[in-house]
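Open the model in your viewer and keep the selection tool at hand. The stops below go from the chain contact to the core and then to some backbone details.

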Amino acid sequence: MDIWIDQLSFTYPAGVTALRGVSLKAMPGESVAIIGENGAGKTTLVKHINGLLKPTSGQVLVGGWNTREYTVAQLASRVGYVFQNPDDQLFASTVWAEVLFGPKNIGLTMEQATERADAALRAVGLIDSAQKHPYDLSISQRKKVAVASVLAMQTPMLVLDEPTTGQDHNDTELVGQIVEDLKEQGRTVITITHDIDFCAEHFDRVVVMAQGMILLDGPARDTLMQAEVLAQTHVEPPQLMRLSEQLNMQERPLNVQEFIEFWCA
Amino acid sequence: MNHNIELNQVTYTYPGITTPALTDLSLAIPAGQFCAVVGPNGAGKSTLAYTLSGFIPHFYHGTLQGEVTIAGMNTRDTPLSELVLMVGLVFQNPFNQISGTKFTVREEIAFGMENLGVDRQEMINRCDDIMAKVGIRDLAQRSPLSLSGGQMQRVVIASVLAMQPQILILDEPTSQLDPIGSREVLLTIRELASTHAMTVVMIEHKLEWLAVYADRMVALADGTIIADGLPGEVLADEAVWSRGVGRTRYTQASHQARMNGLWPKGRSLAVTLEQAVAGFQAAQTTYSKKS
């Protein structure tokens, strides 16, 4: 299923205009990272994809559904959404109940729901914590519970708002692997991140936002090398791109393997 | 040397849990030092932050063994109300720290200073100064609760810095900040450590800028210190990576280059951009001389 955002503008009730005519299309199997300065409108934009916010003007179509005409509950069957702050999302008294809740509520049999919850908790490495209370876990583990609860829904589209915040090296790699797997399964993944090195390594396409608008939208390599545009929105190119530039290399690498290849060339 | 923070054989166990979160941990930090704490999740980093700020044992009970001395005060014998005059703590999640009772960002930042009885004109000056430093001047009249996650995190940092604590403990203070914003906050804290002799303990995963700005780096794993030294030494240590501490892409690239025989023999792995540039340039020179 595809996501089509057309000329979207949004003003919060208090009068702050967060989005000014944003257009964006994302296709199945595409992984899109959204980057940009604090307050650029990234979270406001993705909250439109599952209908938490409705456009002030313009429209958002999710697999052909206009989000104005569907409830958040209906849209949840198509779009999985992981909040920036896991505590906005978690409510059950065990990790297991939390992850089982979604699948149980979309008409699956108990057996199917159990299977999904089990697979999702294994994917984030928390199967051994299934019987714990989410609030007995650290915030980074709660964040992984939130990711698992959305994975268990197996929606065609997923929105992840800063999934690597507060995650250590290994967990960041784990999230990267989950994104790669989702992409392979043909799902549409939209992720907000401030981790530009992570972004370069795991996303095909990068959307750069500033002040409620899109500054750049294109393949990761083409967008992330544009230091001057990125600087306007408080972002720097990834470490290896900066290194390759300082070394006067011809090409800009997205990961360590490419860096070594380009360096030897 | 005059140590501002001293932990002597500290072991701490949370209530109802059998495994200690910190085990026999000793650490001494002199006044004015900017000490970074790194390590995988679950290593005990946040527990260390609570221990240094007196939340352990005054808020989290559990079992604390050993001695914790902060600015000359033993935390066990000193009430939290006295410790907070000396120690500023920035929590991991800004939503947990914002007062929720103030209508504007300016009032939120002034709140801590009001409680310390700071002079009115002085409060205004410090507010203006710190808002400019952390890049939130244009948010002064906004409601703290209407801000984005990253903006709120800046407000929390500003409100603690405005109190000019002698000791500052930060638990992932830049987790939600944009990349240049993170670097600016680290730089501001670096400057405060130098100019105000403020002692800083910062838990962070953003290794690139810690490597540049911190004086010292302590790596934790499983509640104990596994490395303690200059950031460049700690981050280039392969034994430290294997315990789940991350490394910069410069370290990854120089390590990969070394494995392929492309890194100068006997040269340490790069941790910063500068070191990586110098290392690869040196490798190039050696290579062209040979050919």
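The tour begins with conventions and then moves from stop to stop.

This is a predicted model, in which local features need pLDDT of at least 70 and side-chain atom pairs count only at pLDDT 80 or more, while totals for chains, interfaces and linings use all residues. Residues are numbered from 1 along each chain as its sequence is written, and chains are lettered from A and ligands numbered from 1 in the order in which they are written.

**Chain contact.** Select both chains: 34 residues from chain A and 36 residues from chain B form the contact (two residues are in contact if their C-beta atoms, placed from the backbone, lie within 7 Å). Now pick helix 10 (239-246) of chain A, which gives the largest share of chain A's side, 5 residues (helices, H or I, have at least four residues and strands, E, at least two; both are DSSP runs numbered from the N terminus).

**Core.** Select A:V99, A:A148, B:V37 and B:A158, the residues with the most contacts inside the largest nonpolar core, which has 166 residues (such a core is a set of buried Ala, Val, Leu, Ile, Met, Phe, Trp, Tyr and Cys residues joined through C-beta atoms within 7 Å; buried means 20 or more other C-beta atoms within 10 Å, exposed 12 or fewer, partly exposed in between). Helix 6 (residues 149-161) of chain B supplies the largest share of this core, 7 residues.

**Backbone.** Go to B:I56 and B:P57, joined by a cis peptide bond with omega of about 10 degrees; B:P57 is in helix 2 (residues 55-58) of chain B. Finish at A:Q154, a residue other than glycine with a positive phi, near 45 degrees. A:Q154 counts as partly exposed because it has 18 C-beta neighbours inside 10 Å.
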